[in-house]
Amino acid sequence: MTSKLFTVGPVEMYSETLRLGSVQVPYFRTPEFSEIVLHCESMMHELVDAPEGSRTLLLTASGTGAMEAAVINLLGPSDRALVIAGGTFGDRFCEICREHEIPFDCIRLDPGASLHPGEIVELKLDSYKALLVNAHETSTGVLYDIFQLGQACRNAGTLFVVDAISALFCDPISMSQMGIDLLLASSQKALALPPGLSLVVLSPRALDAVRTRKVKSYYFGFQRYLSDGSRGQTPFTPAVGIILQLRDRLKAIQAIGTPALVHRTADLARHFRNSIENLPFRVFAETPSNALTALSPTNGSSAYELFSQLAARFKVIVTPNGGQLRHRVFRVGHMGNLATTDMDTVANALREISQ
Ligand SMILES: *Cc1c(COP(=O)(O)O)cnc(C)c1O
(Lines give C-alpha, C1' and ligand atoms only; values in the text may rest on other atoms or scores of the structure.)
Protein backbone atom coordinates (compact mmCIF):
# COMPACT_ATOMS: atom_id res chain seq x y z
CA MET A 1 0.00 0.00 0.00
CA THR A 2 1.44 3.38 -0.99
CA SER A 3 0.70 6.41 1.12
CA LYS A 4 -1.72 9.08 -0.02
CA LEU A 5 -1.43 12.81 0.49
CA PHE A 6 -4.24 14.69 2.22
CA THR A 7 -1.84 17.53 2.70
CA VAL A 8 -2.14 21.20 1.81
CA GLY A 9 0.59 21.07 -0.81
CA PRO A 10 2.13 19.29 -2.51
CA VAL A 11 -1.03 17.30 -3.16
CA GLU A 12 -1.87 14.15 -5.12
CA MET A 13 -1.12 14.83 -8.78
CA TYR A 14 -2.95 13.66 -11.92
CA SER A 15 -1.45 11.00 -14.19
CA GLU A 16 -0.93 13.39 -17.10
CA THR A 17 1.01 15.75 -14.80
CA LEU A 18 3.22 12.84 -13.76
CA ARG A 19 3.77 11.83 -17.37
CA LEU A 20 4.72 15.38 -18.38
CA GLY A 21 7.17 15.43 -15.48
CA SER A 22 9.14 12.62 -17.07
CA VAL A 23 9.80 14.16 -20.49
CA GLN A 24 12.83 16.19 -21.59
CA VAL A 25 12.48 19.86 -20.63
CA PRO A 26 12.73 21.94 -23.82
CA TYR A 27 14.80 25.05 -24.47
CA PHE A 28 12.53 28.00 -23.82
CA ARG A 29 13.70 31.06 -25.77
CA THR A 30 11.56 29.99 -28.69
CA PRO A 31 8.31 31.15 -30.30
CA GLU A 32 6.76 27.77 -29.38
CA PHE A 33 7.41 28.28 -25.68
CA SER A 34 6.25 31.91 -25.82
CA GLU A 35 2.97 30.66 -27.21
CA ILE A 36 2.57 28.24 -24.31
CA VAL A 37 3.19 31.03 -21.78
CA LEU A 38 0.68 33.34 -23.49
CA HIS A 39 -1.87 30.52 -23.62
CA CYS A 40 -1.41 29.90 -19.86
CA GLU A 41 -1.92 33.61 -19.24
CA SER A 42 -5.14 33.79 -21.23
CA MET A 43 -6.54 30.61 -19.65
CA MET A 44 -5.67 31.91 -16.19
CA HIS A 45 -7.50 35.18 -16.91
CA GLU A 46 -10.60 33.28 -17.91
CA LEU A 47 -10.46 30.93 -14.90
CA VAL A 48 -10.10 33.71 -12.31
CA ASP A 49 -12.45 36.05 -14.19
CA ALA A 50 -9.77 38.72 -14.43
CA PRO A 51 -10.87 42.21 -15.52
CA GLU A 52 -10.10 43.31 -19.08
CA GLY A 53 -6.50 44.46 -19.39
CA SER A 54 -5.15 42.24 -16.57
CA ARG A 55 -1.73 40.59 -16.79
CA THR A 56 -0.38 37.37 -15.31
CA LEU A 57 3.26 36.96 -14.29
CA LEU A 58 4.92 33.59 -13.78
CA LEU A 59 7.45 33.61 -10.95
CA THR A 60 9.83 30.77 -10.26
CA ALA A 61 9.34 30.75 -6.51
CA SER A 62 7.08 29.14 -3.94
CA GLY A 63 4.02 31.09 -2.86
CA THR A 64 5.89 33.07 -0.22
CA GLY A 65 8.18 34.47 -2.90
CA ALA A 66 5.09 35.68 -4.76
CA MET A 67 3.66 37.21 -1.55
CA GLU A 68 6.89 39.15 -1.00
CA ALA A 69 7.13 40.17 -4.66
CA ALA A 70 3.53 41.44 -4.63
CA VAL A 71 4.08 43.49 -1.49
CA ILE A 72 7.33 45.15 -2.59
CA ASN A 73 6.04 45.91 -6.08
CA LEU A 74 3.00 47.74 -4.71
CA LEU A 75 4.19 49.24 -1.42
CA GLY A 76 7.14 51.16 -0.04
CA PRO A 77 8.18 52.86 3.20
CA SER A 78 5.98 55.88 2.44
CA ASP A 79 2.83 53.76 2.10
CA ARG A 80 0.68 51.96 4.67
CA ALA A 81 -0.87 48.49 4.49
CA LEU A 82 -3.56 46.72 6.47
CA VAL A 83 -3.10 42.99 7.04
CA ILE A 84 -5.71 40.50 8.17
CA ALA A 85 -3.79 38.05 10.30
CA GLY A 86 -5.69 34.96 11.41
CA GLY A 87 -2.74 32.57 11.45
CA THR A 88 0.62 31.66 9.97
CA PHE A 89 -0.04 33.05 6.50
CA GLY A 90 -1.51 36.34 7.66
CA ASP A 91 1.48 36.72 9.99
CA ARG A 92 3.72 36.15 6.97
CA PHE A 93 2.34 39.27 5.26
CA CYS A 94 3.14 41.21 8.48
CA GLU A 95 6.69 39.82 8.56
CA ILE A 96 7.22 40.73 4.89
CA CYS A 97 6.07 44.31 5.53
CA ARG A 98 8.32 44.54 8.59
CA GLU A 99 11.31 43.19 6.65
CA HIS A 100 10.84 45.85 3.94
CA GLU A 101 10.04 48.64 6.40
CA ILE A 102 6.56 49.13 4.99
CA PRO A 103 4.30 50.64 7.67
CA PHE A 104 1.35 48.36 8.39
CA ASP A 105 -1.46 47.70 10.82
CA CYS A 106 -2.71 44.27 11.57
CA ILE A 107 -6.18 42.94 12.37
CA ARG A 108 -5.31 39.98 14.57
CA LEU A 109 -7.94 37.27 14.85
CA ASP A 110 -8.10 34.37 17.29
CA PRO A 111 -7.10 31.07 15.64
CA GLY A 112 -10.14 29.64 13.83
CA ALA A 113 -12.15 32.87 14.12
CA SER A 114 -13.49 34.60 11.03
CA LEU A 115 -13.90 38.25 10.24
CA HIS A 116 -17.55 39.20 10.72
CA PRO A 117 -19.50 41.47 8.34
CA GLY A 118 -19.78 44.16 11.02
CA GLU A 119 -16.03 44.09 11.57
CA ILE A 120 -15.39 44.47 7.84
CA VAL A 121 -17.59 47.56 7.70
CA GLU A 122 -15.57 49.06 10.55
CA LEU A 123 -12.16 48.63 8.90
CA LYS A 124 -10.97 52.17 8.27
CA LEU A 125 -9.60 51.32 4.87
CA ASP A 126 -9.22 54.84 3.45
CA SER A 127 -5.97 55.36 5.33
CA TYR A 128 -4.33 52.36 3.64
CA LYS A 129 -2.89 51.97 0.17
CA ALA A 130 -3.54 48.22 0.20
CA LEU A 131 -5.37 45.53 2.12
CA LEU A 132 -3.45 42.23 2.28
CA VAL A 133 -5.44 39.08 2.98
CA ASN A 134 -5.16 35.33 2.51
CA ALA A 135 -8.57 34.35 1.07
CA HIS A 136 -8.20 31.08 2.93
CA GLU A 137 -5.96 31.17 6.02
CA THR A 138 -4.52 27.71 5.39
CA SER A 139 -3.17 27.25 8.93
CA THR A 140 -6.66 27.22 10.48
CA GLY A 141 -8.96 26.50 7.52
CA VAL A 142 -10.78 29.84 7.76
CA LEU A 143 -12.23 31.32 4.57
CA TYR A 144 -12.82 35.08 4.69
CA ASP A 145 -15.62 36.94 2.97
CA ILE A 146 -13.60 38.12 -0.02
CA PHE A 147 -16.61 39.65 -1.76
CA GLN A 148 -17.39 41.95 1.15
CA LEU A 149 -13.73 42.84 1.73
CA GLY A 150 -13.48 43.71 -1.96
CA GLN A 151 -16.49 46.01 -1.74
CA ALA A 152 -14.99 47.77 1.27
CA CYS A 153 -11.71 48.26 -0.64
CA ARG A 154 -13.55 49.66 -3.65
CA ASN A 155 -15.46 52.13 -1.49
CA ALA A 156 -12.22 53.31 0.10
CA GLY A 157 -10.10 53.29 -3.08
CA THR A 158 -7.72 50.77 -1.47
CA LEU A 159 -5.83 48.16 -3.49
CA PHE A 160 -7.14 44.67 -2.71
CA VAL A 161 -4.34 42.09 -2.61
CA VAL A 162 -5.59 38.53 -2.24
CA ASP A 163 -3.38 35.54 -1.57
CA ALA A 164 -5.69 32.93 -3.11
CA ILE A 165 -2.95 30.29 -3.06
CA SER A 166 -5.04 27.74 -1.15
CA ALA A 167 -8.51 29.05 -2.12
CA LEU A 168 -8.29 29.10 -5.89
CA PHE A 169 -10.33 26.30 -7.49
CA CYS A 170 -11.55 25.25 -4.01
CA ASP A 171 -13.67 28.26 -3.09
CA PRO A 172 -15.36 30.73 -5.46
CA ILE A 173 -12.85 33.35 -6.61
CA SER A 174 -13.69 35.96 -9.23
CA MET A 175 -11.37 38.95 -9.58
CA SER A 176 -14.02 41.00 -11.38
CA GLN A 177 -16.90 40.27 -9.04
CA MET A 178 -14.81 40.49 -5.88
CA GLY A 179 -12.84 43.59 -6.88
CA ILE A 180 -9.48 41.84 -6.50
CA ASP A 181 -6.54 43.92 -7.78
CA LEU A 182 -3.75 41.42 -7.31
CA LEU A 183 -4.28 37.68 -6.99
CA LEU A 184 -1.67 35.12 -5.98
CA ALA A 185 -1.71 31.45 -6.94
CA SER A 186 0.90 28.75 -6.54
CA SER A 187 1.57 25.47 -8.29
CA GLN A 188 1.48 22.97 -5.42
CA LYS A 189 -2.05 23.61 -4.09
CA ALA A 190 -5.27 22.95 -6.03
CA LEU A 191 -3.43 23.22 -9.35
CA ALA A 192 -1.88 19.90 -8.21
CA LEU A 193 1.53 20.60 -9.75
CA PRO A 194 5.01 20.25 -8.29
CA PRO A 195 6.07 23.19 -6.08
CA GLY A 196 8.20 25.97 -7.54
CA LEU A 197 5.95 28.11 -9.74
CA SER A 198 3.72 30.98 -8.66
CA LEU A 199 1.25 33.08 -10.62
CA VAL A 200 0.56 36.74 -9.97
CA VAL A 201 -2.51 38.22 -11.68
CA LEU A 202 -2.61 42.01 -11.77
CA SER A 203 -5.70 44.07 -12.55
CA PRO A 204 -5.28 47.32 -14.50
CA ARG A 205 -5.38 49.19 -11.17
CA ALA A 206 -2.55 47.06 -9.78
CA LEU A 207 -0.62 47.50 -13.04
CA ASP A 208 -0.86 51.29 -12.68
CA ALA A 209 0.47 51.06 -9.13
CA VAL A 210 3.34 48.77 -10.17
CA ARG A 211 4.36 50.96 -13.12
CA THR A 212 4.89 54.01 -10.94
CA ARG A 213 7.06 52.28 -8.33
CA LYS A 214 10.82 51.91 -8.24
CA VAL A 215 11.37 48.47 -6.72
CA LYS A 216 14.57 47.52 -4.92
CA SER A 217 14.75 43.93 -6.11
CA TYR A 218 16.65 42.60 -9.07
CA TYR A 219 14.94 39.22 -9.40
CA PHE A 220 11.44 40.17 -8.31
CA GLY A 221 10.89 43.60 -9.89
CA PHE A 222 7.68 43.19 -11.88
CA GLN A 223 8.47 45.68 -14.63
CA ARG A 224 10.91 43.32 -16.34
CA TYR A 225 8.39 40.47 -16.11
CA LEU A 226 5.71 42.71 -17.59
CA SER A 227 7.79 43.82 -20.52
CA ASP A 228 9.18 40.35 -21.38
CA GLY A 229 5.82 38.76 -20.60
CA SER A 230 4.06 40.77 -23.28
CA ARG A 231 5.84 38.50 -25.80
CA GLY A 232 5.42 35.34 -23.72
CA GLN A 233 8.86 35.31 -22.14
CA THR A 234 10.30 35.66 -18.63
CA PRO A 235 13.42 37.68 -17.74
CA PHE A 236 15.16 34.62 -16.27
CA THR A 237 14.94 30.86 -16.78
CA PRO A 238 11.48 29.90 -15.55
CA ALA A 239 10.36 26.54 -14.16
CA VAL A 240 9.95 25.36 -17.76
CA GLY A 241 8.80 21.84 -16.89
CA ILE A 242 6.14 23.05 -14.47
CA ILE A 243 4.87 25.55 -17.04
CA LEU A 244 4.25 22.66 -19.45
CA GLN A 245 2.37 20.83 -16.69
CA LEU A 246 0.52 24.06 -15.87
CA ARG A 247 -0.76 24.38 -19.42
CA ASP A 248 -2.14 20.86 -19.24
CA ARG A 249 -3.86 21.47 -15.87
CA LEU A 250 -5.33 24.81 -16.96
CA LYS A 251 -6.75 23.15 -20.08
CA ALA A 252 -8.25 20.38 -17.94
CA ILE A 253 -9.75 22.91 -15.51
CA GLN A 254 -11.06 24.97 -18.42
CA ALA A 255 -12.81 21.85 -19.74
CA ILE A 256 -14.53 21.31 -16.37
CA GLY A 257 -15.03 25.01 -15.61
CA THR A 258 -13.99 26.76 -12.39
CA PRO A 259 -17.48 26.59 -10.79
CA ALA A 260 -17.72 22.82 -11.40
CA LEU A 261 -14.27 22.25 -9.91
CA VAL A 262 -15.17 24.34 -6.86
CA HIS A 263 -18.39 22.35 -6.59
CA ARG A 264 -16.48 19.07 -6.70
CA THR A 265 -14.11 20.18 -3.93
CA ALA A 266 -17.09 21.40 -1.88
CA ASP A 267 -18.68 17.95 -2.30
CA LEU A 268 -15.52 16.23 -1.04
CA ALA A 269 -15.36 18.55 1.96
CA ARG A 270 -19.05 18.08 2.78
CA HIS A 271 -18.82 14.31 2.37
CA PHE A 272 -15.84 14.15 4.72
CA ARG A 273 -17.35 16.45 7.33
CA ASN A 274 -20.59 14.44 7.32
CA SER A 275 -18.77 11.15 7.69
CA ILE A 276 -16.86 12.25 10.81
CA GLU A 277 -19.85 13.88 12.47
CA ASN A 278 -20.07 11.29 15.24
CA LEU A 279 -16.34 11.16 15.89
CA PRO A 280 -14.60 13.11 18.67
CA PHE A 281 -13.51 16.08 16.55
CA ARG A 282 -14.72 19.57 15.98
CA VAL A 283 -14.24 21.55 12.79
CA PHE A 284 -11.82 24.26 13.91
CA ALA A 285 -12.70 27.03 11.45
CA GLU A 286 -15.71 29.25 12.04
CA THR A 287 -16.18 29.72 8.28
CA PRO A 288 -14.38 26.74 6.68
CA SER A 289 -12.83 26.71 3.23
CA ASN A 290 -13.52 23.75 0.94
CA ALA A 291 -9.78 23.25 0.49
CA LEU A 292 -9.30 21.42 3.76
CA THR A 293 -10.92 20.53 7.05
CA ALA A 294 -8.99 21.61 10.15
CA LEU A 295 -9.99 19.31 13.00
CA SER A 296 -9.52 19.67 16.72
CA PRO A 297 -9.80 16.53 18.89
CA THR A 298 -12.51 16.85 21.56
CA ASN A 299 -11.43 13.80 23.63
CA GLY A 300 -8.05 15.09 24.75
CA SER A 301 -6.03 13.27 22.06
CA SER A 302 -2.99 15.06 20.69
CA ALA A 303 -3.54 16.25 17.12
CA TYR A 304 0.14 15.65 16.37
CA GLU A 305 -0.05 12.10 17.71
CA LEU A 306 -3.10 11.45 15.46
CA PHE A 307 -1.15 12.75 12.45
CA SER A 308 1.70 10.31 13.26
CA GLN A 309 -0.67 7.38 13.75
CA LEU A 310 -2.56 8.03 10.52
CA ALA A 311 0.74 7.94 8.64
CA ALA A 312 2.22 4.92 10.40
CA ARG A 313 -0.87 2.70 10.57
CA PHE A 314 -2.90 3.77 7.52
CA LYS A 315 -0.44 5.52 5.19
CA VAL A 316 -2.82 8.48 5.31
CA ILE A 317 -0.74 11.67 5.25
CA VAL A 318 -2.66 14.57 6.72
CA THR A 319 -1.15 17.94 7.62
CA PRO A 320 0.01 18.62 11.16
CA ASN A 321 -0.03 22.12 12.62
CA GLY A 322 2.92 23.80 14.24
CA GLY A 323 3.44 26.24 17.08
CA GLN A 324 0.65 26.68 19.59
CA LEU A 325 -1.77 24.55 17.58
CA ARG A 326 0.58 21.55 17.31
CA HIS A 327 -1.41 19.37 19.69
CA ARG A 328 -4.79 21.01 19.07
CA VAL A 329 -5.25 20.94 15.29
CA PHE A 330 -4.49 18.82 12.22
CA ARG A 331 -5.74 19.38 8.70
CA VAL A 332 -7.25 17.02 6.13
CA GLY A 333 -6.87 18.30 2.58
CA HIS A 334 -9.50 18.03 -0.15
CA MET A 335 -7.29 19.39 -2.95
CA GLY A 336 -5.78 17.58 -5.93
CA ASN A 337 -6.45 14.12 -7.34
CA LEU A 338 -8.77 12.81 -4.60
CA ALA A 339 -12.17 11.11 -4.72
CA THR A 340 -14.93 10.61 -2.14
CA THR A 341 -13.59 7.06 -1.54
CA ASP A 342 -10.30 8.66 -0.44
CA MET A 343 -12.17 10.82 2.05
CA ASP A 344 -13.86 7.62 3.32
CA THR A 345 -10.39 6.14 3.86
CA VAL A 346 -9.47 9.04 6.14
CA ALA A 347 -12.80 8.98 7.97
CA ASN A 348 -12.54 5.20 8.55
CA ALA A 349 -8.98 5.52 9.81
CA LEU A 350 -10.04 8.28 12.20
CA ARG A 351 -12.91 6.10 13.39
CA GLU A 352 -10.55 3.20 14.14
CA ILE A 353 -8.02 5.41 15.88
CA SER A 354 -10.66 7.06 18.05
CA GLN A 355 -12.09 3.80 19.37
C1 LIG B 1 0.83 27.39 0.76
C2 LIG B 1 0.51 28.81 0.98
C3 LIG B 1 1.43 29.83 0.70
C4 LIG B 1 2.79 29.58 0.15
O5 LIG B 1 3.63 28.84 0.95
P6 LIG B 1 5.00 28.32 0.30
O7 LIG B 1 5.49 27.34 1.30
O8 LIG B 1 5.89 29.47 0.11
O9 LIG B 1 4.61 27.71 -1.00
C10 LIG B 1 1.03 31.14 0.88
N11 LIG B 1 -0.19 31.45 1.31
C12 LIG B 1 -1.10 30.51 1.58
C13 LIG B 1 -2.46 30.94 2.04
C14 LIG B 1 -0.78 29.16 1.43
O15 LIG B 1 -1.70 28.21 1.69
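A: Helices here are DSSP runs of H or I with at least four residues, strands are DSSP runs of E with at least two, and both are numbered from the N terminus. By that rule, Ala266 lies in helix α11, the part described here. The model is predicted, so local features need pLDDT of at least 70 and side-chain atom pairs count only at pLDDT 80 or more, while totals for chains, interfaces and linings use all residues. Residues are numbered from 1 along each chain as its sequence is written, and side-chain values use heavy atoms, with hydrogens and water left out.

Helix α11 covers residues 258–275, which is 18 residues. The expected span of a helix is 1.5 Å times one less than its number of residues. For α11 this gives 26 Å, and the C-alpha atoms at its ends are 26 Å apart, in agreement.

A residue is buried under 20% relative accessible area, exposed over 50%, and partly exposed in between, using a 1.4 Å probe and protein chains only. Ala266, at 14%, is buried. The buried residues of α11 are Thr258, Leu261, Val262, Thr265, Ala266, Leu268, Ala269, Phe272 and Arg273. Viewed down the helix axis, they fall within an arc of 155 degrees, so they line one face of α11; the arc is that of the directions from the axis to the C-beta atoms. An α-helix has 3.6 residues a turn, so residues three or four places apart point the same way. Pro259 and His263 are exposed, on the face turned away from the buried side of α11.

The cover over the buried residues of α11 includes the helices α2 (31–47), α10 (240–256) and α13 (340–354), along with the strands β11 (281–283), β12 (292–297) and β15 (330–333).

Two strands pair if DSSP finds at least two bridges between them. Strands β12 and β15 run antiparallel and are joined by four bridges, with Leu292 opposite Gly333. Two bridges link β15 to β14 (residues 319–320), also in the antiparallel sense, and there Thr319 stands opposite Arg331.

Finally, Ala266 is 72 residues from Leu338 in sequence, and their C-alpha atoms are 12 Å apart in space.

How values were computed: Contact = heavy atoms within 4.5 Å.
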